Amino acid sequence: MPAAHIDPDFVRMLPKAEVHVHLEGCFSPSDLASLAAQHGEPLPRPVEQLFDFAGFDEFLEFLSWSCGLLRTVDDVAAAAYSYASRATASGVVIADIIVNPTHWASWRGDLAGLIGALDRGFSAAEVDGLASVGLCISILRLQTAAEAVQLVDELIALGHPRVVALSIDGNEALSGRTGPRFADAFRRAGAGGLYRTVHAGESSGPEGIRDALDLLGADRLDHGVRAIEDPSLVAELVDRGIPLGICPTSNLTLGVFPSWQQHPLDALRLAGVRVSVNSDDPGFLAIDLAGEYERSAATFGWSDDTLRAVAATSLDVCFMNNRR
Ligand code: ADE
Ligand code: ZN
């Protein structure tokens with residue numbers, strides 16, 4: 001692939017949406033060290049080693065420790081504002097952010113309080129001219145069917161305008177096949193007017209993606225990249241216009257693909273799948289969205305027109321940009 005000339009300012013200024021990012025994964029080690037100091041909590045290990053994890057599950061457990069540090073409305077509102085501010089610096093004008101209530105120990109039993117605090121931060125960001133952010137409230141793959149239904153029923157009863165979608169995340173490899181378990185919750189979410197986004201095809205293969213489509217009614221897939229293993233599935237994604245929220249650095253860090261060159265982002269795009277570029281857990285990965293666009297363009301030789309087209313797709317597929 002010829003090395004394309006990439007103008008970092010052009011990439012950064014390009015208006016774009018981010019559609020796959022977890023608020024839980026947005027904290028840097030120094031963010032967490034200052035929150036811990038503020039609340040008198042000891043760090044589990046020195047700040048330089050805070051993100052040394054043995055594997056994906058240890059990472060997911062750490063998210064609960066991190067979010068356990070956000071105890072007040074001000075803590076949560078500041079985290080929301082801070083995401084909008086950093087996203088805006090990467091050219092994001094609108095975003096859908098995933099928040100999984102299971103990680104937020106101080107807010108257990110107070111979903112309305114958590115959403116209200118997030119809304120305060122995102123509303124303040126909008127007033128300041130920063131990116132507009134919608135919430136995708138997420139089920140953890142290890143939860144029960146009853147817990148998932150309860151979450152959806154609460155979300156629908158709440159009817160908060162900031163909430164645009166139901167999501168599901170966590171480790172599919174560990175939880176096994178859970179599509180059937182969550183079908184009822186996702187059906188209720190759809191009937192209640194929420195969009196549906198599903199983590200699949202990261203720690204699961206094509207079979208996880210099929211369940212996301214057939215059982216969970218996914219409007220969009222988070223990752224979805226392992227569809228590349230099944231050409232008939234790629235054809236279905238194209239035919240049905242199902243968008244993928246792709247996060248290349250996250251996939252390389254978790255070992256889903258061995259290198260940028262072997263990542264299927266461009267192969268999927270060229271096959272006609274609606275792909276967007278996203279950061280997933282930018283605090284943990286120490287990346288920003290503009291950098292992900294730059295690395296994608298450099299790896300795959302993207303022209304300015306291709307960059308514009310990918311950014312345009314991200315805006316088209318953003319739930320917050322297509323509010324019901
Ligand atoms: N939660 C936070 N980051 C995640 C990821 N990359 N996959 C699944 N669940 C997550
Ligand atoms: Zn994710």
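These legends describe close-up views of a predicted model. Local features need pLDDT of at least 70, side-chain atom pairs count only at pLDDT 80 or more, and totals for chains, interfaces and linings use all residues. Residues are numbered from 1 along each chain as its sequence is written, chains are lettered from A and ligands numbered from 1 in the order written, and side-chain values use heavy atoms, without hydrogens or water.

**View 1. Donors of the zinc ion (ligand 2).** His 20 (NE2), His 22 (NE2), His 199 (NE2) and Asp 280 (OD) lie 2.0 to 2.2 Å from the zinc ion. Donors are N, O and S atoms within 2.8 Å of the metal (3.2 Å for Na, K and Ca); water is not among the atoms, so sites may look incomplete. In sequence the spacing is H-x1-H-x176-H-x80-D. His 22 sits in the loop between strand E1 (16-18) and helix H2 (29-38), and His 199, 177 residues away, in strand E5 (residues 195-200). Helices (H or I, at least four residues) and strands (E, at least two) are DSSP runs, numbered from the N terminus.

**View 2. Two buried histidines.** His 22 counts as buried because its relative accessibility is 7%. His 199 is buried too, at 3%. Buried means under 20% relative accessible area (1.4 Å probe, protein chains only).

**View 3. Polar contacts of ligand 1.** A polar backbone atom of Gly 170 is 3.0 Å from a nitrogen atom of ligand 1. Glu 202 places a polar side-chain atom 2.9 Å from a ligand 1 nitrogen. For Asp 280, a polar side-chain atom also lies 2.9 Å from a nitrogen atom of ligand 1.

Methods
Buried < 20%, exposed > 50% of the residue type's maximum accessible area, 1.4 Å probe, protein only. Polar contact = N/O pair within 3.5 Å; in protein donor to acceptor, adjacent residues only side chain to side chain.
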